[in-house]
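Trainee: I am new to this structure and would like to go through it with you. Could we look at it together?
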Amino acid sequence: MADQHRSPLDRRTLLRGAGSGVAAATWLVGCGSDDEGSGSTETQSEPTTLSAGDVAVGSGVILDDTYVVTQPTEGEFKAFTAICTHNGCPVASVKDDTITCNCHGSQYDAATGEVTRGPATEALAEVALSVDGDTLTVG
Ligand code: FES
């Protein structure tokens, strides 16, 4: 599997909004098709901050393939691991209250992390999130 070379990126670059075809294509390159996920699906727990204004209602953002932060209803924020429970790909997008993994098409409810379409069978794990004014801290 090809290594992905990553350079230091600013926070805006790391925030991938809904429908980012380039980001989805990047993740597809890194996903094996029959690999059982050679590593753990656990995420690193380094806290990350972002502005609440970066997270649209009914949508969400994916933070550096570690966390996905959603806002199912106005003022209600949720955070989940961004690693698909099916085979370990980072999820690719959040749109219409749905988190999607492009590797094999699994989808998750953006409010609960529960699977809404397989092949994944397990929910995305919820991650601690705190709100301080306009600042969200995840992890
Ligand atoms: S890794 Fe298969 S659907 Fe996400």
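Trainee: In which strand is phenylalanine 80 found?

Mentor: Phenylalanine 80 is found in strand S5, residues 76–81. Residues are numbered from 1 along each chain as its sequence is written. This is a predicted model, in which local features need pLDDT of at least 70, side-chain atom pairs count only at pLDDT 80 or more, and totals for chains, interfaces and linings use all residues. Strands (E, at least two residues) and helices (H or I, at least four) are DSSP runs, numbered from the N terminus.

Trainee: Is phenylalanine 80 buried or exposed?

Mentor: Phenylalanine 80 counts as buried because it has 26 C-beta neighbours inside 10 Å. A residue is buried if 20 or more other C-beta atoms lie within 10 Å of its own, exposed if 12 or fewer, and partly exposed in between, with C-beta atoms placed from the backbone.

Trainee: What does phenylalanine 80 touch?

Mentor: Leaving aside residues up to four places away in sequence, phenylalanine 80 touches Val68, Gly113, Leu124, Ala125, Glu126 and Val127. Two residues are in contact if their C-beta atoms, placed from the backbone, lie within 7 Å.

Trainee: Changing topic, where is the place of alanine 110?

Mentor: Alanine 110 sits in the loop between strand S8 (107–109) and strand S9 (115–117). Alanine 110 is buried because 26 other C-beta atoms lie within 10 Å. Its contacts, not counting residues up to four places away in sequence, include Gly60, Thr70, Pro72 and Val94.

Trainee: And what is the order of the open sheet of 4 strands?

Mentor: The order is S6-S7-S8-S9, with antiparallel pairing. Strands S6 (93–95) and S9 stand at the edges with a single partner strand each, so one side of each has no neighbour in the sheet. The twist averages 30° from one strand to the next, where axes are lines fitted to C-alpha atoms, for helices over the stretch in contact, and angles run from 0 to 180 degrees between N-to-C directions.

Trainee: Over how many bridges do S7 and S8 pair?

Mentor: Strand S7, residues 98–100, pairs with S8 in the antiparallel sense over 3 bridges. Two strands pair if DSSP finds at least two bridges between them. Threonine 98 has aspartate 109 in S8 as its bridge partner.

Trainee: Lastly, what does the secondary structure of the chain come to?

Mentor: The chain has 2 helices and 11 strands. Of its 139 residues, 32% count as buried.
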